[in-house]
Amino acid sequence: MRVIEVGAFGGPEVLTLTEVPEPVPGPGELLLRVAVADVLWVETAIRRGLGGTYFPVTPPYRPGGGVAGTVEAVGVGVDPAWTGRRVVARTDERGGYLERAVVSADATLPVPEEVSLAEAAALLHDGVTAAGLCDLVPVRPDDRVLVTAAAGGLGALLVQRARAAGAYVVAAARGETKRAALYRLGADLAVDYAEPGWTARVRAATGGLDVVLDGAGGDYGRAAFTLLRDGGWFSAHGTPAGGFAVPDETDARTRGVTVVGIADVRFTPEQRLRYLRDALDAAATDGIRPLIGQTFPLERAADAHRAIEDRSTIGKTLLVV
């Protein structure tokens with residue numbers, strides 16, 4: 001079968017298409033014919049050798065951590081009724097940019113009829129994080145909520161969830177195309193944080209924020225923290241703009257701000273499965289669906305990474321196998 005591998009850290013060109021033997025499911029496992037593979041921004045950082053202590057990876061390795069597809073075969077001890085089902089599952093260290101995937105039956109969920117396989121793949125990581133953050137950070141009716149990196153895969157889901165909770169939602173992203181998409185998702189105000197004075201616009205519209213869900217980090221996240229009212233909530237879970245924007249501990253404590261960090265969204269396998277089920281149900285019944293901006297065929301995985309890194313993407317980026 002065809003699979004993407006990384007032989008050495010480097011640019012997108014190190015994503016190499018190669019042929020390997022077909023996998024065989026072992027006891028308790030399923031063999032999936034992959035339809036769609038999730039692609040995450042963090043995978044571009046790992047590929048460059050910037051995974052750090054959170055994502056310690058050594059080449060050679062297979063990138064990607066999750067897929068959606070159809071069950072082709074089952075291993076010993078697995079109910080044959082799984083065969084033919086549309087499912088979504090994490091693949092973790094086995095990689096996700098491939099044509100066939102072996103996954104644990106216990107960590108696999110059926111995809112509701114109302115949800116496409118592309119949507120299921122898009123929810124596999126970002127949907128879990130969004131559901132988990134909404135568990136950790138209370139969003140109440142009439143709260144003023146800011147979502148940064150709002151036009152990304154995770155941000156788009158957080159905008160919808162905060163709006164569904166009855167909050168006034170400010171969405172921050174770069175460029176008019178992304179702002180327009182965010183208004184379509186239900187944002188009350190969409191600002192371009194590449195423009196001077198964006199924080200003044202947010203303060204004028206809200207009078208101050210109750211919650212910041214920071215998926216950007218860097219200077220954008222630090223600027224967002226200054227908009228919080230005393231007693232608010234700040235989630236520092238994103239790094240694309242230059243590292244997690246974790247507030248000064250003394251400053252946050254003095255102002256009564258509760259801070260949630262990346263360690264708080266490193267869920268157990270049981271939690272991940274529960275949040276994934278929540279995300280799939282929300283897509284099927286509540287219309288909280290992922291924003292899928294672009295897809296690439298498997299052999300163009302390098303182009304998918306390039307698009308994410310040059311920030312020409314919107315919403316989720318997926319590989320169609």
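Reply: In the largest nonpolar core, which has 53 residues, V88, V159, L182 and L280 touch the most other members. Helix α9 (269–286) is among the elements that each supply at least two residues, and α9 gives the most, with eight residues. The model is predicted: local features need pLDDT of at least 70, side-chain atom pairs count only at pLDDT 80 or more, and totals for chains, interfaces and linings use all residues. Residues are numbered from 1 along each chain as its sequence is written, and side-chain values use heavy atoms, without hydrogens and water.

Me: What makes a set of residues a nonpolar core?

Reply: The members are buried Ala, Val, Leu, Ile, Met, Phe, Trp, Tyr and Cys residues joined through side-chain atoms within 4.5 Å. Buried means under 20% relative accessible area, exposed over 50%, and partly exposed in between (1.4 Å probe, protein chains only). Another core, of 33 residues, lies apart from the largest one and includes L32, Y61, W82 and V87.

Me: Why are α3 and α4 called oblique to each other?

Reply: The axes of α3 and α4 come within 9 Å and cross at roughly 40°. Angles under 35 degrees count as roughly parallel, over 145 as roughly antiparallel, 65 to 115 as roughly perpendicular and the rest as oblique. The two helices are therefore oblique.

Me: Which residues of α4 make the contact with α3?

Reply: G153, L154, L157, L158 and R161 of α4 do so, where contact means heavy atoms within 4.5 Å.

Definitions and conventions:
Helix = DSSP H or I, 4+ residues; strand = E, 2+ residues; numbered from the N terminus. Axes fitted to C-alpha atoms, helices over the stretch in contact; angles between N-to-C directions.
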